Amino acid sequence: QVQLVESGGGLVQPGGSLRLSCAASGSIFRVNAMGWYRQAPGKQRELVATITSGGSTNYADSVKGRFTISRDNAKNTVYLQMNSLKPEDTAVYYCNADGWDYSGNYLGDYWGQGTQVTVSS
């Protein structure tokens, strides 16, 4: 079993900041790529940002220059620093990760339960 536990969501005014965290635990030993996705009401889930085990990052055009993804490999944790938030950033944010167990078996990818981010005045 693999668990991804997210934290850090909430209500913030436009222009404000939030930091999301997601920790992977359970049978996952070596985490490969980690990422954040979001889903707004009535819309499909979309990629926000991803980061490889080596630290290479990829961002959606809509968040470039405002959001920063980072990770702590020792803690199997990924972070998303969100600055200059806009109402259109309102969504449920989901963490995603894949990796291997202690025996070297590939486990596939997993999703967190989601954390709500609401940007409103």
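## Close-up views of a predicted model

**View 1. The Cys-22 to Cys-95 disulfide is left-handed, with -80° about the S-S bond.** The model shown here and in the other views is predicted. Cys-22 belongs to strand S3 (residues 18-26) and Cys-95 to strand S9 (residues 91-100), so the link ties together parts that lie 73 residues apart in sequence. The two sulfur atoms are 2.1 Å apart. Both Cys-22 and Cys-95 are buried. The disulfide count for the structure is one. A disulfide is a covalent bond that joins the sulfur atoms of two cysteines.

**View 2. Four strands form an open sheet in the order S1-S3-S8-S7, with antiparallel pairing.** Strand S1 (2-7) and strand S7 (67-72) are the edge strands, each pairing on one side only. On average, neighbouring strands of this sheet are turned by 15° against each other, direction ignored. S3 and strand S8 (residues 77-82) run antiparallel and are joined by six bridges. Leu-18 has Met-82 of S8 as its bridge partner.

**View 3. Phe-29 and Tyr-102 make a tilted aromatic pair, one of three aromatic pairs in the structure.** The ring centres of Phe-29 and Tyr-102 are 4.6 Å apart, with 35° between the planes. Phe-29 lies in the loop between S3 and strand S4 (30-39), and Tyr-102 in the loop between S9 and strand S10 (106-111), so this pair ties together parts that are 73 residues apart in sequence. Phe-29 has 48% relative accessibility and therefore counts as partly exposed. Tyr-102, at 62% relative accessibility, counts as exposed.

**View 4. Tyr-37 and Trp-111 make an edge-to-face aromatic pair.** The centres of the two rings are 5.0 Å apart, and the angle between their planes is 70°. Tyr-37 is in strand S4 and Trp-111 in strand S10, so the pair ties together parts 74 residues apart in sequence. Trp-111 counts as partly exposed because its relative accessibility is 37%.

**View 5. Arg-19 lies over the face of Tyr-79, and the charged end of Arg-45 sits over the ring of Tyr-94.** For Arg-19, the distance to the ring centre of Tyr-79 is 4.1 Å. For the charged end of Arg-45, the distance to the centre of the Tyr-94 ring is 3.7 Å.

Technical notes:
Residues numbered from 1 in each chain as written. Predicted model: local features only at pLDDT ≥ 70, side-chain atom pairs only at ≥ 80, totals over all residues. Heavy atoms only, no water. Disulfide = S-S within 2.5 Å. Helix = DSSP H or I, 4+ residues; strand = E, 2+ residues; numbered from the N terminus. Buried < 20%, exposed > 50% of the residue type's maximum accessible area, 1.4 Å probe, protein only. Pairing = 2+ DSSP bridges. Axes fitted to C-alpha atoms, helices over the stretch in contact; angles between N-to-C directions. Phe/Tyr/Trp six-rings, centres within 6.5 Å; stacked < 30°, edge-to-face > 60°. Lys NZ or Arg CZ within 6 Å of the ring centre and 35° of its normal.
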